[in-house]
Amino acid sequence: MPTMPERIPSADDNDAVIGRLDADMVALTFIDNAGITRVKTVPMRRLAQAARHGVGVSPCFETFSFDDLMTTGRYLGGPDGDLRLVPDLSALTELACQPGWAWAPTNKYTQDGTPFAACQRGFATRQAEAARQAGLRLSMTFETEWSVGQEGTEDYTPAAHGPAYSLVRLGQVADYARELVAILDRQGILVDQFHPEYSPGQLELSVQPSDPVGAADDAVLVRHTIRQVSLQYGWRAALGPCLEPGGTGSGAHLHFSAQDDRGPIFATGDAPYGMRRTGEAFLAGVLRELPALVAVGAGNPASFLRLVPSRWAGVWQCWGRETRESALRFITGVQGTEEWAANAEVKCFDATGNPYLIVGSVIAAGLAGVAEELRLPAEITGDPVTFDAEQLMFSGVRRLPTTPGEAADRLADSAVLAEAMGPELHDALLTVRRAEADRYRDTSPEELVALTRWRF
């Protein structure tokens with residue numbers, strides 16, 4: 001998997017890596033704490049130099065909100081300083097969706113060549129390494145939900161109609177889907193499944209799992225490819241959490257599994273549904289940190305228009321086997337496939353969350369559970385919205401945060417995530433989430449949707 005060296009690497013073999021690509025320009029991306037993918041670009045002839053010395057970028061982006069307004073945190077923000085964006089050439093990809101271009105994710109370094117403490121991709125890399133040091137190898141992948149709308153309007157007019165999950169709707173997007181899947185394949189991302197989703201014009205695809213940093217890289221590239229292919233069909237792709245107030249929104253669910261030297265930790269054991277005790281402890285750690293994880297992976301003000309009960313959005317702090325109203329869903333797979341199919345899904349995330357922060361934070365939460373030997377509470381079945389007060393008290397089920405300010409407070413309270421992120425990154429993320437919460441406290445749902453519909 002990609003790694004982040006302790007200093008900017010000397011890349012003597014860059015020419016061989018770069019020479020295999022047929023591209024004129026390279027997009028170098030990073031994702032800020034508001035979940036917006038930012039970019040610098042260089043001509044291909046300058047990529048080797050960028051890989052050796054980086055490309056300059058202001059640290060102000062660490063406290064940018066989704067609306068491009070800047071704020072200042074305890075450690076970061078303001079007009080001073082500079083960072084270096086260093087492309088990870090192990091992930092360099094020729095863009096079949098954007099001919100003449102290549103893409104590479106970047107790590108952030110300081111001007112003296114050392115890793116930047118608040119680098120989000122660096123955080124994910126550190127947590128994946130912490131898992132390896134603990135004897136765990138994690139596989140992760142994001143589901144991607146989006147809606148295709150007609151171009152030429154800031155409002156949303158579905159580009160495809162018909163019943164949810166229907167062959168009628170598939171027929172209207174069949175050529176688009178076939179081309180999208182083929183282009184992703186050419187870019188090294190293999191699609192496992194594609195289907196029409198619930199809302200008008202809504203679609204979903206899932207891709208094969210990768211290591212944690214690779215899964216976040218894939219999420220960036222999948223979303224960009226969806227946007228580009230949609231444009232070629234005269235459509236716009238909306239990946240934001242809500243298209244219409246009161247309507248079903250789009251998520252970005254995270255699936256993950258893990259192995260140690262004995263095999264998969266979510267199968268072959270004597271804990272619930274065949275988990276091993278390590279697997280149970282990992283999930284219990286994730287379950288405990290879910291209120292704080294909302295601020296990481298769905299802390300935008302518009303996210304809470306999607307996070308409502310009875311929508312399969314995962315708004316309850318609980319778990320269960322194939323329980324789609326719980327935020328943490330355990331999936332065993334069909335009989336005979338458990339050893340390779342068993343995995344867990346966090347359902348409350350959406351595309352406003354930085355995928356590097358999401359994977360790193362879920363790993364940190366799970367590792368804390370393993371270190372403390374946590375155990376899962378009883379699972380739930382059904383929809384907790386139907387539980388009476390006694391059932392809720394007995395089951396221990398709680399609503400996850402219902403406002404961005406509440407979610408930010410839970411992140412501030414999380415000792416696990418504060419320690420894992422470090423003070424600079426933890427404070428920068430809190431600064432962004434609190435700024436967004438304060439700025440849009442009195443904004444109507446209609447205005448929030450209009451502000452975020454096409455931002456992600």
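**Terms and cut-offs in a predicted chain**

Mentor: S230 sits in helix α5, which covers residues 212-232, where a helix is a DSSP run of H or I with at least four residues, a strand is a run of E with at least two, and both are numbered from the N terminus. The model is predicted, so local features need pLDDT of at least 70 and side-chain atom pairs count only at pLDDT 80 or more, while totals for chains, interfaces and linings use all residues. Residues are numbered from 1 along each chain as its sequence is written, and side-chain values use heavy atoms, with hydrogens and water left out.

Trainee: Why is S230 called buried?

Mentor: The term buried means under 20% relative accessible area, exposed means over 50%, and partly exposed lies in between, with a 1.4 Å probe and protein chains only. The relative accessible area of S230 is 0%, and therefore S230 counts as buried.

Trainee: Which residues is S230 in contact with, leaving aside its neighbours within four places in sequence?

Mentor: They are V148, Y176, W235, R236 and A237, a contact being heavy atoms within 4.5 Å.

Trainee: What makes the pair of S230 and Y176 a polar contact?

Mentor: A polar contact is a pair of N or O atoms within 3.5 Å; within protein, one must be able to donate a hydrogen and the other to accept it, and residues adjacent in sequence count only if both atoms are side-chain atoms. The side chains of S230 and Y176 are joined at 2.7 Å, a value that falls within the 3.5 Å cut-off.

Trainee: How do you know whether T125 is buried or exposed?

Mentor: T125, in helix α3 (residues 120-133), has a relative accessibility of 9%, and so it counts as buried. A polar atom of the T125 side chain lies 2.9 Å from the backbone oxygen of R121.

Trainee: What places L430 on the buried or the exposed side?

Mentor: Its relative accessibility is 8%, which is why L430 counts as buried. L430 belongs to helix α14 (residues 423-439) and, not counting residues up to four places away in sequence, touches A408, L411 and A412.

Trainee: Why is E322 called partly exposed?

Mentor: The relative accessible area of E322 is 32%, and therefore E322 is partly exposed. E322 lies in the loop between β13 (316-321) and β14 (326-331), and its phi is positive, about 55°, although E322 is not a glycine.

Trainee: How many helices and strands does the chain have, and why is the chain said to be as compact as a globular protein of that length?

Mentor: The chain has 15 helices and 16 strands. Its radius of gyration is 21 Å, close to the 23 Å that the globule rule gives for 456 residues, so the chain is as compact as a globular protein of that length; the radius is taken over C-alpha atoms, and the rule is 2.2 Å times the number of residues to the power 0.38. Buried residues make up 58% of the 456 residues.
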